[in-house]
Amino acid sequence: MAAPEAPPHQICLVVDDSLTVRRGLKLALQKAGLFGEVLEADDGDTALTLVEERHVRGLPGVDLVLADLVMPRMDGFEFLAAFKRDPGRAMIPVIVLTGQESTKKKVRALDAGAADYLVKPFDNAELIARVRVHLKVKNLQDELRELNKRLQALSTVDAVTGLPNRPAFLETLDRELARARRHGTKVALLTIEIDHLWSFAAAHGKELADQALAELAALLKETLRKTDSLGRYSGTELVALLPETARVEAAAVGEKLRAVVAARPGAAEPHLTLSVGVACYPDQQVGDPRTLLRASELALQQSRQLGRNRVAMWMGELGIPASVAVQV
């Protein structure tokens with residue numbers, strides 16, 4: 001399958017101390033229709049300043065560079081080394097242009113990160129052909145990186161609710177507890193069960209059950225603070241992490257979530273409610289992510305035993321020995 005042509009909005013940077021050469025290259029590139037904009041710089045230092053200023057101003061970066069080797073102040077080798085030093089520019093192709101046919105210099109330029117090497121005088125058709133090839137490669141690499149980003153995002157997101165999935169949420173939990181430990185702050189964890197969700201799925205089908213779950217997740221996320229984290233923990237359970245939140249405030253948040261769901265208009269039958277288990281760090285027998293999770297799960301069990309549609313809090317008791325309560 002043929003690679004796509006470069007989009008017209010792409011940008012080329014021509015670095016050469018000769019105005020005549022720069023204008024000739026710009027004209028050839030514009031005639032080929034490969035770039036929407038061709039920037040010019042008369043030496044490496046000016047080129048770097050131009051690139052960095054565009055980055056600071058939030059302007060699009062360059063997609064390909066044509067750079068002479070012999071220039072005043074900062075020559076092509078120095079420019080190449082400085083340009084490639086920034087990881088964000090590592091994949092931008094730099095084609096080196098020089099009037100000296102030297103295998104040693106060619107190898108040096110390629111070792112320094114140049115994508116190609118052309119000796120002056122060269123035929124414009126050959127230049128355009130090489131530019132087109134390197135631009136296609138860069139565009140395909142950009143597409144691959146973007147695809148990998150999307151795949152990475154999908155691997156951390158629950159498909160039904162759009163919330164972070166269990167592994168992603170556990171990473172957030174680890175980070176927040178580490179931060180709380182460093183700063184001596186509190187963290188609350190709510191384990192939230194959607195009551196009767198399996199019965200709803202059996203009666204109405206999985207598609208409607210997933211839709212109901214997604215709607216509830218959106219409602220809970222909207223009710224929580226922006227600094228709170230909500231994730232899907234299992235088939236019927238969500239988890240909410242509340243930074244800098246003590247026991248009383250956490251219980252109030254749990255009750256607010258429960259009440260919002262219980263009172264929502266147009267609720268389907270059987271009425272889906274929330275059972276919530278609340279635990280806090282630091283607390284009795286709770287000193288790390290594993291014990292915090294276990295404590296909130298045990299509080300949730302208490303909520304179920306009391307009849308569901310309610311909030312229960314881990315108090316280091318729950319009618320079972322503390323040594324059992326913290327086992328994972």
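In strand 10, which residue is the bridge partner of V276? The bridge partner of V276 in strand 10 is V311, and this pairing belongs to one of the two sheets described below.

This is a predicted model, in which local features need pLDDT of at least 70 and side-chain atom pairs count only at pLDDT 80 or more, while totals for chains, interfaces and linings use all residues. Residues are numbered from 1 along each chain as its sequence is written, and side-chain values use heavy atoms, with hydrogens and water left out. Helices (H or I, at least four residues) and strands (E, at least two) are DSSP runs numbered from the N terminus.

An open sheet with mixed pairing is formed by 5 strands in the order 7-8-6-9-10, where two strands pair if DSSP finds at least two bridges between them. Its edge strands, each pairing on one side only, are strand 7 (229–232) and strand 10, and the twist from one strand to the next averages 20 degrees. Axes here are lines fitted to C-alpha atoms, for helices over the stretch in contact, and angles run from 0 to 180 degrees between N-to-C directions.

Strand 9 (residues 274–281) is mostly covered, since 8 of its 8 residues are buried, buried meaning under 20% relative accessible area with a 1.4 Å probe and protein chains only. In a regular strand the side chains alternate between the two faces of the sheet. For strand 9 both faces are covered, with L274, V276, V278 and C280 buried on one side and S275, G277, A279 and Y281 buried on the other. Strand 6 (residues 187–194) runs antiparallel to strand 9 and is joined to it by 8 bridges, and V187 has Y281 as its bridge partner in strand 9. With strand 10 (residues 311–313), strand 9 pairs in the parallel sense over 3 bridges, and V278 stands opposite M313.

Strand 9, helix 10 (residues 289–305) and strand 10 together make a left-handed β-α-β unit, whereas strand 1, helix 1 and strand 2 make a right-handed one; a crossover is right-handed if, with the strands pointing away from the viewer, the path from the first strand over the helix to the second runs clockwise. Helix 9 (residues 247–262) lies across strand 6, strand 8 (237–243), strand 9 and strand 10, and runs at about 165 degrees to strand 9.

| Strand pair | Sense and bridges | Residue pair |
|---|---|---|
| Strand 3 (64–68) and strand 4 (94–98) | parallel, 4 bridges | D68 with L97 |

Helix 3 (residues 76–85) has 7 of its 10 residues buried, so it is largely enclosed by the rest of the structure. These buried residues are G76, F77, F79, L80, A82, F83 and K84, and what covers them includes strand 1, helix 2 (44–56), strand 3, strand 4 and helix 4 (103–111).

**Helix packing**

Helix 6 (residues 166–183) and helix 10 pack at an angle of about 115 degrees, with their axes 10 Å apart. That makes helix 6 roughly perpendicular to helix 10, given that angles under 35 degrees count as roughly parallel, over 145 as roughly antiparallel, 65 to 115 as roughly perpendicular and the rest as oblique. The contact (heavy atoms within 4.5 Å) is made by L170, L173, D174 and L177 of helix 6 and by P289, L292 and L293 of helix 10.

Helix 7 (residues 197–204) and helix 8 (residues 206–223) pack with their axes 7 Å apart at an angle of about 140 degrees, and are therefore oblique to each other. Here L197, F200, A201 and H204 in helix 7 meet K206, L208, A209, A212 and L213 in helix 8.

Terms used
Buried means under 20% relative accessible area, exposed over 50%, partly exposed in between (1.4 Å probe, protein chains only).
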